[in-house]
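Let's take a friendly tour of the aromatic rings in this protein. Have a look at the sequence and the model first.

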Amino acid sequence: MILPIIGYGDPVLRKVGEAVSPEHPNLKETIANMYETMYNAYGVGLAAPQVGLALRLFVIDTTPFSDDEDLPADEQKELKGFKRTFINAKILKEDGEEWSFNEGCLSIPDVREDVYRHERITIEYCEEDFVVKTEVFDGLIARVIQHEYDHIEGILFTDKISSLKKRLIQKKLKNITEGKTFQDYRMKFASAKKGR
């Protein structure tokens, strides 16, 4: 089922996600809905807070990046079909040089900014089997993971840009909070809740 994506300004996007237990109600269905919602919006990642759930859960599929001919062939191959569910993730280490990439977010439509992130991460997480694993990722895969990980920590990519750039996009962010934005996927906005 395609879920509405929560827009900028909703308090759930600022909450630190709670740990997910194997007994969490409808977990498999929630994960399937998150993938379906992400694909419907042409995203490469989606975190539980973006569908209104303050949980330590996010999904990614970097396949759309594999068509970027500006990337080295080995990275294109790595990105193709990299689909993963991250439950109770914890970044243990970020290292390597920080590099800039123009990021966007399904919760903040029509806003894109250059964000600096470390090139490599070490992360501990579970998939749906709840077996804890630790892995190292780099490049665009690490970047997508870091972006989604920020969501489960209550952080948005707009928190990582300069104060000048924040001022320049202030009107766009206000419009999103008020639901004055148009996109090809369903959204739910903070302003819509105030009337209840």
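How many aromatic pairs does a search of the whole structure find? The answer is 7, where rings of Phe, Tyr and Trp (its six-membered ring) pair if their centres lie within 6.5 Å, and planes under 30 degrees apart count as stacked, over 60 as edge-to-face and the rest as tilted. This is a predicted model, in which local features need pLDDT of at least 70 and side-chain atom pairs count only at pLDDT 80 or more, while totals for chains, interfaces and linings use all residues. Residues are numbered from 1 along each chain as its sequence is written, and side-chain values use heavy atoms, leaving out hydrogens and water.

Two of the pairs are set out here.

| Pair | Centre to centre | Angle between planes | Geometry |
|---|---|---|---|
| F65 and F101 | 6.0 Å | 85 degrees | edge-to-face |
| F82 and F137 | 5.5 Å | 75 degrees | edge-to-face |

F65, in the loop between β3 (57-61) and α2 (73-79), lies 36 residues from F101 in strand β4 (residues 83-105). Helices (H or I, at least four residues) and strands (E, at least two) are DSSP runs, numbered from the N terminus. F65 is partly exposed at 21% relative accessibility, and F101 is partly exposed at 23%; buried means under 20% relative accessible area, exposed over 50%, partly exposed in between (1.4 Å probe, protein chains only).

F82 sits in the loop between α2 and β4, 55 residues from F137 in strand β6 (residues 133-138). F82 is buried at 10% relative accessibility, and F137 is buried at 7%.
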